[in-house]
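Please look at the structure first and then read on.

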Amino acid sequence: MRVALDLRPLQSPSRLRGIGTYLRGLLRGFLQQERDLLLLTWRDLPVDLELPEGCRFFHLPPPRPRVLGWLRDRLLLGRAFRTLAREVDLIHFTSPFELDMGWPQAWPGTPRVVTVHDLVPVTHAGLVLRGRHRLLAPVYRWQARQLGRAEGLVAVSQATRQRLVEFLDPPPPIRVVPEAAEGFRVPDPARIHQLRRRLDLPEDFLLFLGGASPNKNLEGLLVACQDGGLPPLVVAGAANPEQLADLRIRYPDLPVRWLGPVPAEDLGALYGAATAFVFPSLQEGFGLPVLEAMSCGTPVACSNTSSIPEVAGQAALFFDPADPRQIRQALRRLASEPDLRAMLRGLGLDQARQFSWQRTARLTWQAYQDFLASSS
């Protein structure tokens, strides 16, 4: 079985960290298992990956921003997918909500599998779409409806699968294949010490990592921190800069350190330096930062909604993200109870070991085989 794996989300200007992590991990798992892959990329655009020699590529024409360019792209994509259909048994599209990816236009008769990371832009559009981006809501709904035309869907969590079942009538076959956080481990104390000095971090702090879109609920966390009695909050991440700037203006007196973007090579030490990691998201498709923090031995307090309990298992302190009092109570417990932190640290390490990209790749390949068998 030869599969075309779509790497174009790594070349998209709007690429997200979670999707990039998923693609790198899945591809690494496939390559370790010596699967027969054709890597689908835009022509003449860089791919954000270090790949071994011998990887085979199939290049598609890159998108053009103007309307006439978009129409021309549809014709060129149709021709390219017609050629691709003669070379592979299946095409795996890895991000259905990236604009101009053209996955519904893949040549009829070629089995298509699509990974769905979440349906938040469709089911909870008000949490992620602001300003001019609200105009994209009908586009996202249309793209989600096209998922019913695929031969199979890969959902990254049971929560995402349930949303697909409710949205599509009827849905195609769906397999749940979780992500992983390999590459994160308990950091060396010397690295933590170096990072703490370089960034001038306090000895005790709570860590938030992510953007400021409403579904991430950073404002809810800031409200929970208003009454004091907690270690200072460190906010890392560069997504949604306008909303981040607005929050900094509206909450000027809180003990918050705004780090901005953090290089990938520093994330493990940052997790390890934190007293606890807090993940107050209202809606998630998976919740990868929870696993990353657990892999680094950091106690986690997180939301009890959507997919997050699936990821955290019994290894986190849960709260209702819509209730700042519950967030505050959970964080005060973690800050004041070292025995609780030690227990969650051990449980979190055990929980994170249950996830691996090798397992993700193996389950994904099995899903390909099952989808092909059911569609023949």
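Strand 5 (residues 112-116) and strand 6 (residues 152-155) pair in the parallel sense over four bridges. The model that shows this pairing is predicted. Within the pair, V113 stands opposite G152 in strand 6.

Both strands belong to an open sheet of seven strands, ordered 3-2-1-4-5-6-7, and the pairing in this sheet is parallel. Strand 3 (57-60) and strand 7 (174-176) are its edge strands, each pairing on one side only. From one strand to the next, the twist averages 25°. Helix 1 (residues 17-32) packs on this sheet and touches strand 1 (3-6), strand 2 (37-42), strand 4 (90-93) and strand 5. The direction of helix 1 makes about 155° with that of strand 1.

There is also an open sheet of six strands, with the order 10-9-8-11-12-13 and parallel pairing. The edge strands here are strand 10 (256-260) and strand 13 (317-319), and each of them pairs on one side only. On average, and with direction ignored, neighbouring strands of this sheet are turned by 25° against each other. Strand 12 and strand 13 pair in the parallel sense over three bridges. S303 has F319 in strand 13 as its bridge partner. Helix 11 (residues 288-295) lies across strand 8 (206-209), strand 11 (276-279) and strand 12. It runs at about 170° to strand 11.

The peptide bond from D169 to P170 is cis, with omega near -5°. P170 lies in the loop between helix 6 (158-167) and strand 7, and strand 7 is an edge strand of the seven-stranded sheet.

| Residue | Phi | Loop |
|---|---|---|
| D44 | about 65° | between strand 2 and strand 3 |
| S306 | about 50° | between strand 12 (300-303) and helix 12 (308-312) |

Are these residues buried or exposed? D44 has a relative accessible area of 71%, so it counts as exposed, the cut-off being over 50%. S306 has a relative accessible area of 23% and is therefore partly exposed, because buried means under 20% and exposed over 50%.

Conventions:
Residues numbered from 1 in each chain as written. Predicted model: local features only at pLDDT ≥ 70, side-chain atom pairs only at ≥ 80, totals over all residues. Heavy atoms only, no water. Pairing = 2+ DSSP bridges. Helix = DSSP H or I, 4+ residues; strand = E, 2+ residues; numbered from the N terminus. Axes fitted to C-alpha atoms, helices over the stretch in contact; angles between N-to-C directions. Contact = heavy atoms within 4.5 Å. Buried < 20%, exposed > 50% of the residue type's maximum accessible area, 1.4 Å probe, protein only.
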